[in-house]
Amino acid sequence: TMLARLNFRMEEVYLPDNINEGQVQVRTLYLSVDPYMRCRMNEDTGTDYITPWQLSQVVDGGGIGIIEESKHTNLTKGDFVTSFYWPWQTKVILDGNSLEKVDPQLVDGHLSYFLGAIGMPGLTSLIGIQEKGHITAGSNKTMVVSGAAGACGSVAGQIGHLLGCSRVVGICGTHEKCVLLTSELGFDAAINYKKDNVAEQLRESCPAGVDVYFDNVGGNISDTVISQMNENSHIILCGQISQYNKDVPYPPPLSPAIEAIQKERNITRERFLVLNYKDKFEPGILQLSQWFKEGKLKIKETVINGLENMGAAFQSMMTGGNIGKQIVCISEEISL
């Protein structure tokens, strides 16, 4: 965690005593760390929809909290709220219009799930598969998921089965993750890219080739998967974490040899941005919640406690230390 300590610092500040009309004071319960945040550490994030974090300013990201005081007409003390731009602080005064109220019943009281499987990562997986995967029930398709034990991957593989894939294979980086994918999350096979020969294992576990590839990583792993994709197959570009330390545009271009395969086999690899599908967020959250409550969607998360551990949690997640969504618990006290 030395890196984290060098790059983040904690400060004690006083909140103003009074809040203005339209504002609320909230206590932070959970904060999210996500791969896209690596892009926010660059002067140029590589995309037009993510702004860089500013040096010596409060860091922000996905968060959830409880309202302690409100001067906003639609928000009341005790309401649970979330935002994509939640400041990394224990308590904060925010414009009530920047917050979305959430219903704890949708997650059976597991509020942190609103930052994971029943939040943006879940929506990214669901909408990505619906919009770019072209899966129809009973169509006997094989799906491969990279980063399969992460926040998006662990949900995507399960959704692949729920929407009709006959075979789902995950690629991840530890034996423990492989076991989890196959024994708990219903994956048909799992490949450990740090130990196994990925190309060989893929051929074995996907005898009919690959029809849908849910890609979280890019780089060499993706080149190997694309080499085994079928004619008219589809890549869902969720993320490219292997490339985030490099100065490349998003999505990064494929190498000429792999691009030749993509063109030749007519494999779609379109940019996918979940923020373009806001009209599908509400039905998506309801669907994810329903699957969760019916026991069809298993939710995994890794929780670290304390605001002082945000940097360490981010670094751990970027190096594969998490299983499922990486969450930081800031306060668990939900009574006022």
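Helices (H or I, at least four residues) and strands (E, at least two) are DSSP runs, numbered from the N terminus. This is a predicted model, where local features need pLDDT of at least 70, side-chain atom pairs count only at pLDDT 80 or more, and totals for chains, interfaces and linings use all residues. Residues are numbered from 1 along each chain as its sequence is written, and side-chain values use heavy atoms, with hydrogens and water left out.

View 1. Over residues 153–248 the chain is 38% helix and 26% strand. UniProt, in an unreviewed entry, lists residues 153–248 as "domain: Alcohol dehydrogenase-like C-terminal"; its positions follow the numbering used here, feature names are shortened, and annotations may be inferred rather than shown by experiment.

**View 2. An open sheet of 6 strands.** Read across, the order is β8-β7-β6-β9-β10-β11, with parallel pairing (two strands pair if DSSP finds at least two bridges between them). β8 (189–192) and β11 (268–270) sit at the edges with a single partner strand each, so one side of each has no neighbour in the sheet. From one strand to the next, the twist averages 20°.

**View 3. Zooming in on β6 and β7.** Strand β6 (residues 142–146) and strand β7 (residues 167–172) run parallel and are joined by 5 bridges. Look for V144, whose bridge partner in β7 is V169.

**View 4. Helices on the sheet.** α3 packs here, touching β6, β9 (210–215), β10 (229–237) and β11 (contact means heavy atoms within 4.5 Å). The direction of α3 makes about 145° with that of β10; axes are lines fitted to C-alpha atoms, for helices over the stretch in contact, and angles run from 0 to 180 degrees between N-to-C directions. Helix α6 (residues 198–205) also packs on the sheet, touching β6, β7 and β8, and its direction makes about 175° with that of β8.

**View 5. Where α3 meets α9.** Helix α3 (residues 120–132) and helix α9 (residues 281–293) pack at about 100°, with their axes 10 Å apart. That makes α3 roughly perpendicular to α9 (65 to 115 degrees counts as such). On the α3 side, the contact is made by M120, G122, L123, L126 and I127. From α9 come F281, G284, I285, Q287, L288 and W291.

**View 6. Where α3 meets α4.** The axes of α3 and helix α4 (residues 153–162) come within 9 Å and cross at roughly 40°. Here G122, S125, L126 and I129 in α3 meet V155, A156, I159 and G160 in α4.

Technical notes. Angles under 35 degrees count as roughly parallel, over 145 as roughly antiparallel, 65 to 115 as roughly perpendicular and the rest as oblique.
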